[in-house]
Each structure stands twice: as C-alpha cells, then as structure tokens.
Amino acid sequence: MDSIPVNPWAFLKYFFPGNVATEKGVLYMGFDLSTQQLKGLVVDSTLKLVYEAKVDFDEDFKKYGIEKGVLTNPSEGEVFAPPAMWLEAVDLVLDRLRNAGLDFSKIKGLSGAGMQHGTVFWSADAESLLGHLDGRKTLVEQLESSGKGHKRGAFAHPMSPNWQDASTQKQCDEFDDHLGDAQTLAEITGSKAHHRFSGPQIMRYRTKYPTHYEQTDRISLVSSFLASVFLGKIAPIDISDVTGMNLWSVSEGAWDDDLLELAAGSTAAVPELKRKLGHVPESGGDSFGPISAYFVTRYGFPASCQIIPFTGDNPSTILALPLRPSDAMVSLGTSTTFLMSTPTWKPDPAYHFMNHPTTPGLYMFMLCYKNGGLAREQIRDQLSPTKSWDSFNAAALSTPPLSQRSPKDPMRLGLYFPRPEIVPNLPAGQWRYSYQPSTDTTTSTLTPLPSTPHPDDARNILESQFLSLRLRSTALVSPAPSPTNPTKMLPPQPRRVYLVGGGSANLALAQLCGEVLGSIEGIYKLDIGSNACALGSAYKAVWALEREQGEGFEGFIAGRWDEGGFVRRVAEGYREGVFEGYGDAVEGLRGVEERVLGEQGEEEGRGKRTGGTVIGSAGSEVEEAK
Ligand code: XUL
C-alpha cells in the first residue's frame, strides 16, 4: 500500500525536455462535465491547446427549469440534475467545436471528467440504445425516455444526484457505523461517509425509489456516463473515481462486500448490486475501445478514435501538469478544493484519499470545501456597497497579518460560511474570535468577538481559508532544504502551490496564499486556458495513446511540458517569520473550530442548531479576475 513504483529517473525530463517524438497532425480531446457547464477542448501532441468550447446549462437549457445547473428539493436537502440535459450538451458542444473550425477526423483519442460522486441509473434498454444510435438524430431524441408509455428510454430514473446533495444523513450514519466507526470506513475506502458519496446515495435511491432501483440495469458515475455515450456501450467506472463512492476497498482493489450489503439492503442482494456497478479496470490509461459509430457519422471522427477512461473532475485536474509529490493545487472556484498527489496513505475522517487516476502507488489527497468564492464574495459585498474586488483586495493587503497591529496584539480569526460547510461539518454562519497564543497552549485564550462585519474581515477570511488548508495538509509535507542555502532546512510546506479556477487571477489571494501556506518555490498560476480539468483529461488521452510501454504519466507530461509557456509565478511562497507567525494561528483556528463545533453540538442537543450570524444567501459564480 505505501510503496510506490514510480520511475525515479522520469523527472530528469524536467531538465532535459525537448527530445520527445510527438505525433504530427493528430489531436486529442478532453471534456469536463461539471454542475453548470460542459466544456470540451482539443490539444495537439505537444499539449498545446488548439480549440475549446463550452455549453452553459443555465444559458443554453433554461427549458429544464434548472438554476445553476441543478434542480433542488430543499425540504429533503436534495440537489439533482437530468442526464438528458447533459446528452443535449454533448451534441451542442461538438457543434460549437465544429463551428470553431475543428476537423474531427484528426482526433486520435479522447477522455473526459465528470463531477465526482453523482450516479446515473441506466435501464435494461440502455446498452442496446447506446449501441444503435442513428447519426442523423440527436442523442437526447434517441436515449431519453419519451415518457409516453410504450417506449422505455435509456434511463431507469430521470435524475442524477448532484455532489451538493445533502439528503443522506441517515445513510451516512449507517455507513460510518457499519464497519465500526468513521475512521475504519476512511481506512478502507479513503473517506468517512459523506452526503454526496455514491454509496449512501445509492442506498437512499433504493429505499426511496424501489421500483426504479429494480429497473436499474447498470449504475454509472457522471464520468463513466459520459464515457459510455462516446463508447456506445456502458463504460466501466474509473479506478480513481470509484474511490468517491464509500464502496471500494482501496487496499483490496475491489468492491467491499460489507458496504455493498448496506447499500443493497441484504447479503443476498450484493451480487446484483455488484453486477449493476460492473468491473473496475485497474489501469486509467488502457483504451476502452473505439468511438461509437454515431460520432463517426455525425461529426466525422475517425472510426479508430479511442475512448480513454474518463475520471472525476478533481483527479483530472491534477493531470493538468506534471504534479510532483509535495506540490499542491488549490482550485479557487465557487467551492475550494486542495489537491496533492502523494505516495503517503494516511486516511482520516477529516479529508479524502483517492486512487491516483493514472499512477498505481500514488494517491490523490483532497480537501473539499463548500465555502470558497461564495464566502469571499459575501464579505466583499458586506464591506463594499459597490461590490468591488479592488476595495476588497486593498483592504486585505493593507490589514496587518491576523490584524496584529503590534506583536503583542491578539490574533483576529474567523469562520465565514454562507453555506453549511463540509470541512469542518458546521452549519452556515459567521464566527469571529480574538486569539492570544501562549508558549504553553493550555493558557492560550480565545475570546468571542461581535459577529458584525468588520473591515478586517477581508484579510481574515482569506487567512481563515488558507489556514484551514495548512492545518489539514501539514501531515503530508516534510522539511526541505532552502533553495538559497541548502544547509538550512525549511519547515514542512509544499514545494510549489499551483492556483487554478476563477480566484486564481486575483493577485491578493495569491499573495495571502504564499504568506499562510508557504511553499519553497512560490505560488504559480496555470496559464494554459481556462479549464485545468478538461485539459488534464486531454493530456491523459495523449499519454494513453503516445506513451512508450510502461512510461508513467508524470514523466511523459514532464517531457512535453513548456514551463515558460504553461505556468507563471504569481507570488512569493515561504517568508521567514511570516510563515512561522501563521503557525500559531493554525493552532488558533483549530481552537476556534473546536469551540464552534462544541457549541453547535450543544445547540443541536437543545434542538436548535442555528449557526452563527447567517447573512445573505448563495450568490452567483464568482469571478475574482482583476
Ligand atoms: C469533490 C466534490 C466536488 C465535485 C464537483 O468531492 O464533491 O469537487 O467533484 O466538482
């Protein structure tokens, strides 16, 4: 489990790139099916982006009645979307790429990514419908149930639960208890039970819609759903995405029968659920086979175009660059995700470990927060009537670290959650504290501050978000020699931090990220188009079809990587003194979280778990670009 068969010489390619035989004239596609959009892009053999297009569900498909890509049933905490809409999006994004001038006959292979955890429930007719599509009609016309009685479509259930769904608390409690406790579940599957994870979702689906469950012939994840459409038959679930289900034993490399029993309802029902889920191939790079004839006829793909396993959106994002162990990626979107590729397997209920999508022996470490950009936007709006990022940034950069105007001042720390948070598991609210650290932590003091907006919140929210990442990722990084003085060891921190997503264009965020999280080489921004996730998928397709036998993903991509053209250093990382100062604040944040969790537990006991001051509601997708 903890050894890693990575070729130690592969990274020499960082220093001697250029001697790589790339294939001329061929192209590769990558897709990203996320909550609000389907993006498709095309790269050549040298990894250069040549075409991209997107479909925006709210803009393009109002008729589905969705808002921000989803339908909701707030009374049960349900969030879901119709896969039929995604089928329409596939045809539309391909039409848009054709209109942009793409010659599909050059596409040698394609791969893609889907938002994690969501499940699609196929009917018994799905396989045959997928295999006999007529290129003159659209996908949705041929696959969606007509609902008119006689014709059964490809779906046993018209909706797919979204990762924001929070309807499965009961099922999660049973998953956490089933093997003893949440720690044991995390040790086996990589994560404790989470509302959005597919195992608890399937369990709820079976009990809420027993007939649909029975009529479900196969279950796909969003990623394998999309792969199935391109393949013309049900595609296997991917080796990395399967670890977002709470059903897969990572050490065994197999479905966990005990957990399947819970989801399926009885021991006798396990084989049937296993059949519905299908076999999971170990390799993320072996082709599933050629593209469906539908796409050959309708768009002119070559019949030989290969379908490479589609994975989850987060695993795909870490493939957008040759990420080395100790490098971190921070995706600053509506939510925040923190991703690392690591040989270390240290599961804990507080975070996620998943199989790496391409490299056996490596894992993806992930923290997933619901409150990222939306929370920053909420503070911006509270502080600036003009809703200006410029004023927010100016306030953040002119406030001293942790609001300590003199070294003796207490630190100002806060939690700012416009939505219920996953990390830590708290309801919506804002909480502000003053923290006075001491050398003896037992005498550190935490004093509540008024929960009214304060100009220092601009800096404090950024500090809070980055401190939370530091608190939870420290165990994965080690001390490293200083690049300027190799005899001096620097404290544990990432080697590099790469920023992606809407917030990555905001230099104030980058600066604060460097101050709090550190990083030996600094903070970088990926400058390779707007979508790291779809790009990672396209790179996976290039690797799968052009690698030499046994050549690993990281070395392959490193060999074609154009450091100067693809990434930009946007902020300093480790700063002596500043980083250490934030070390005390990490402990302070831990204390704040424990305090608030404790208080919320008490509130819950009294039947009123309210959160702190709840201000505003979810806004629109943030764009913090300056
Ligand atoms: C990760 C998660 C989200 C989705 C949607 O666990 O739920 O990041 O993958 O992006």
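Tutor: We begin with Gln171, which is found in helix α6 (residues 169-178); helices (H or I, at least four residues) and strands (E, at least two) are DSSP runs, numbered from the N terminus. The model is predicted, so local features need pLDDT of at least 70 and side-chain atom pairs count only at pLDDT 80 or more, while totals for chains, interfaces and linings use all residues. Residues are numbered from 1 along each chain as its sequence is written, and side-chain values use heavy atoms, with hydrogens and water left out.

Student: Is Gln171 buried or exposed?

Tutor: Buried means under 20% relative accessible area, exposed over 50%, and partly exposed in between (1.4 Å probe, protein chains only). Gln171 has a relative accessible area of 6% and is therefore buried.

Student: Which residues does Gln171 touch?

Tutor: Contact means heavy atoms within 4.5 Å. Residues up to four places away in sequence are not counted, and Gln171 then touches Pro200, Met203, Arg204 and Thr207.

Student: How should I read a polar contact, and what is the case for Asp456 and Arg405?

Tutor: A polar contact is a pair of N or O atoms within 3.5 Å; within protein, one must be able to donate a hydrogen and the other to accept it, and residues adjacent in sequence count only if both atoms are side-chain atoms. The side chains of Asp456 and Arg405 are joined by such a contact of 3.0 Å. Asp456 is found in the loop between β21 (445-448) and α17 (457-473), and its relative accessible area of 5% makes it buried. Apart from neighbours within four places in sequence, Asp456 is in contact with Thr399, Ser403, Arg405 and Arg412.

Student: How are backbone angles to be read?

Tutor: Most residues other than glycine have a negative phi, and most peptide bonds are trans. In this model, Leu402 has a phi near 60°, a positive value in a residue other than glycine. Leu402 lies in the loop between α16 (389-398) and β19 and counts as buried at 2% relative accessibility. Ser519 likewise has a positive phi, near 125°; its place is in the loop between α18 (507-517) and β25 (522-526), and at 0% relative accessibility it counts as buried.

Student: Which residues does a cis peptide bond join?

Tutor: A cis peptide bond joins Val423 and Pro424, with omega about -5°. Pro424 lies in the loop between β19 (411-417) and β20 (429-436).

Student: How do I read a strand and its partners?

Tutor: In a regular strand the side chains alternate between the two faces of the sheet. In strand β1 (residues 27-33), Leu27, Met29, Phe31 and Leu33 point one way, whereas Tyr28, Gly30 and Asp32 point the other way. The strand is mostly covered: 7 of its 7 residues are buried.

Student: In which sense does β1 pair with β6, and how does it run relative to β2?

Tutor: Two strands pair if DSSP finds at least two bridges between them. β1 and strand β6 (residues 107-114) pair in the parallel sense over 7 bridges, and Phe31 stands opposite Gly112 in β6. β1 and strand β2 (residues 37-44) run antiparallel and are joined by 7 bridges, with Met29 opposite Val42 in β2. A hairpin through 3 residues joins β1 to β2.

Student: What is the strand order in the open sheet of 3 strands?

Tutor: The order is β4-β5-β8, with antiparallel pairing. Its edge strands are β4 (71-73) and β8 (160-161), each of which pairs on one side only. Between β5 and β8 there are 2 bridges, and the bridge partner of Phe80 in β8 is Pro161.

Student: Finally, which residues surround the ligand?

Tutor: A residue is near a molecule or strand if one of its heavy atoms lies within 4 Å of it. The ligand is surrounded by Met115, Gln116, His117, Trp163, Arg196, Asp313, Asn314, Met366 and Cys368. Ligand oxygen atoms lie 2.6 Å from a side-chain N or O atom of His117, 2.7 Å from one of Arg196 and 2.4 Å from one of Asp313. The protein covers 93% of the 290 Å² of accessible area that the ligand has on its own; accessible areas come from the Shrake-Rupley method with a 1.4 Å probe, and for residues only the protein chains shown count as cover.
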